[in-house]
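Hello,

I am passing on the structure below for you to look at. Some notes on what was found follow it.

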Amino acid sequence: MTQKDLNDLCTVISIYTQCNSLFETFEQAKYDIPEELKSDFECFYYNLKDFILTIGNYSSDKKDIFLSVCDDVKKQQ
């Protein structure tokens with residue numbers, strides 16, 4: 001794992017956190033959205049939901065790699 005990989009993981013975790021916050025706001029507002037905006041809102045809502053799943057999987061995979069590298073270093077010491 002390189003420094004860039006770690007930087008990428010930090011960026012992804014930050015985006016993931018912000019997306020989850022936005023999704024929570026959307027969850028609270030989804031029944032109160034005006035009819036004129038409902039179609040675009042729903043499209044954005046479901047795209048955001050899919051993106052959160054994708055970025056969550058990416059983050060989880062990279063964290064697992066990072067932690068396995070850390071474990072390998074500990075075993076060598």
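Does Cys43 count as buried, partly exposed or exposed? At 45% relative accessibility, Cys43 counts as partly exposed; buried means under 20% relative accessible area, exposed over 50%, and partly exposed in between (1.4 Å probe, protein chains only). Cys19, with a relative accessible area of 12%, is buried. A search of the whole structure finds zero disulfides, a disulfide being a pair of cysteine sulfur atoms within 2.5 Å.

Before the rest, a word on the source. This is a predicted model, in which local features need pLDDT of at least 70 and side-chain atom pairs count only at pLDDT 80 or more, while totals for chains, interfaces and linings use all residues. Residues are numbered from 1 along each chain as its sequence is written, and side-chain values use heavy atoms, with hydrogens and water left out.

Now the aromatic rings. The structure holds five aromatic pairs; rings of Phe, Tyr and Trp (its six-membered ring) pair if their centres lie within 6.5 Å, and planes under 30 degrees apart count as stacked, over 60 as edge-to-face and the rest as tilted. One of them is Phe23 with Tyr45, which is stacked because the ring centres are 5.0 Å apart and the planes are at 25°. This pair links distant parts of the chain, with Phe23 in helix α1 (residues 3-29) and Tyr45 in helix α2 (residues 35-76), 22 residues apart. Helices here are DSSP runs (H or I, at least four residues), numbered from the N terminus. Both Phe23 and Tyr45 are buried.

Phe41 and Tyr45 are also stacked, with centres 6.2 Å apart and planes at 25°.

Regards

Definitions and conventions:
Helices (H or I, at least four residues) and strands (E, at least two) are DSSP runs, numbered from the N terminus.
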